[in-house]
Amino acid sequence: MGKHVITMLPGEGTGPEICEAVRRIIDHSGVDITWEYEDIGLDCLDKYGTLLPEKTIKSIAKNKIAIKGPTTTPIGTGHKSANVTLRKMFDLYANVRPAKLIPVLKRPWDKIDILTFRENTEDSYAAIEHMVSNEVAQCLKVITWPGSVRIAEFAFKWAKANGRKKIQCVHKANIMKMTDGLFLEAFREVAKKYPEIEAGDIIVDNCSMQLVRNPAQFDCLVLPNLYGDILSDLCAGLVGGLGFAPGANIGDNCSIFEAVHGSAPKYAGMKKVNPSAVLLSGVMMLRWINEGAAADKIEKGMNKVLAEGKTLTYDAGGTASTDQYADAIIRAMDTV
Amino acid sequence: MLTKATTGRAKRPAKPITLVGVDVYIITEDGIPMFDDYGAFKIEFVSNRGTKVWPGYVSDDLMMVNWYRCRFMATRTVTDADVDTFLTALSKKWKWSAAQKLWNYGDEAGFSKAY
């Protein structure tokens, strides 16, 4: 058994080929990991009758840490999202999404280094929806004081530990005075304990506009679930798209690291998709388990391959396969 | 009476509505509520902040607040009067903030499941 036992959830569609490439790269970094492979997603329906089998739940509960490939959530029909189920089941209340400019990817901006902290368990994701007449649907937006305090606490602690200077609470409290008002009140209360970090707030529509006009002005953002879902993707778009967007779902005792993109079923088996988002999620995971040296090695290797520009996947302007890109990173890791 | 409100707007075709249950939002500081037998309505699940906390697996780490959605499904054909009787009985033991009737529209449930 390795030093770390980690549940690997390859997911479906292109997930298995991406996760295999990522596993090879992480193993090459020298970290001692025993991988426990488990099933998740649409492919489980025939086999287990559920998107999230009991065996998978037990593995995550035991290991407390997992890395996950993409899964697909059926739109508008019966099955609940496996992602949201996992976040709720293991109370992974902090969704952390870094959007950092990868120097070699050409973007209109010189500097972007934004961290979004999305509350991951409440808001309109509480799944409390009713058809209250045949013409009227309602969805309860649930914001709680303890839920708001703990995501603010998490963000300030993370910011302090990582030398970040400024945190803004993103809200629409001018309209949703009770729900977003409570979220903002909790943020302000927590901010008092961290005078060394500049705390402010910004209304979500203005924040969206400012993000596309002048993203360099932002440092850390704390958001309720829905705004966090949307704006973290916006931030990903600023730095290169979802192919380079890692994510972490963190609770007090369990964490799941995952790419935020979909499973791209039309490309499944073609080995052409970019594994960088899952790989960078793995880099976040390694730092979370105090394997920073391995994380640095992988990140430098990936940046070197991107800088050389010879072995890129199609979305980054190249023709390399998933495996060729992974092999190039593995070779580069030995030279950085 | 026909008004602009009922004539000058888009209409969604109506389907036959069947009352099949009630979601009751209960406030308690004593943990996951457990219920007596209420005859026409039987507890199906309890959720907290939208996450199912009864029955089934609940993480020890799950943070709960003092507000629980409790889904009661009808055990037989029920009417609005049965809901009134049920809520009156429930009120003797529990403090609740709201109740939402659960309707099927044709064959489709007009309410979401819990995570």
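Select Lys88(A) in helix α4 of chain A (helices are DSSP runs of H or I, at least four residues; strands are runs of E, at least two; both are numbered from the N terminus). This is a predicted model: local features need pLDDT of at least 70, side-chain atom pairs count only at pLDDT 80 or more, and totals for chains, interfaces and linings use all residues. Residues are numbered from 1 along each chain as its sequence is written, chains are lettered from A and ligands numbered from 1 in the order written, and side-chain values use heavy atoms, without hydrogens and water.

Is Lys88(A) buried or exposed? Lys88(A) is buried (under 20% relative accessible area, 1.4 Å probe, protein chains only). Lys88(A) has no salt bridge (a side-chain nitrogen of Lys or Arg within 4 Å of a carboxyl oxygen of Asp or Glu). Show Glu119(A): this nearest side chain of opposite charge is 7.5 Å away.

The Lys88(A) side chain reaches the backbone oxygen of Arg49(B) at 3.3 Å. Lys88(A) also touches residues including Tyr125(A), Leu62(B) and Tyr115(B) (heavy atoms within 4.5 Å).

Next, colour the sheet of chain A. Ten strands run in the order β2-β1-β3-β12-β11-β4-β5-β10-β8-β9, open and with mixed pairing (pairing needs at least two DSSP bridges). β2 (33–37) and β9 (198–203) of chain A each have a single partner strand, so one side of each lacks a neighbour in the sheet.

Zoom in on β8 (166–171) of chain A. It runs parallel to β9(A), joined by 6 bridges.

Note on methods
Buried means under 20% relative accessible area, exposed over 50%, partly exposed in between (1.4 Å probe, protein chains only). Lys and Arg count as positive and Asp and Glu as negative; His and the chain ends are not counted. A polar contact is a pair of N or O atoms within 3.5 Å; within protein, one must be able to donate a hydrogen and the other to accept it, and residues adjacent in sequence count only if both atoms are side-chain atoms. Lists of a residue's contacts leave out its neighbours within four places in sequence.
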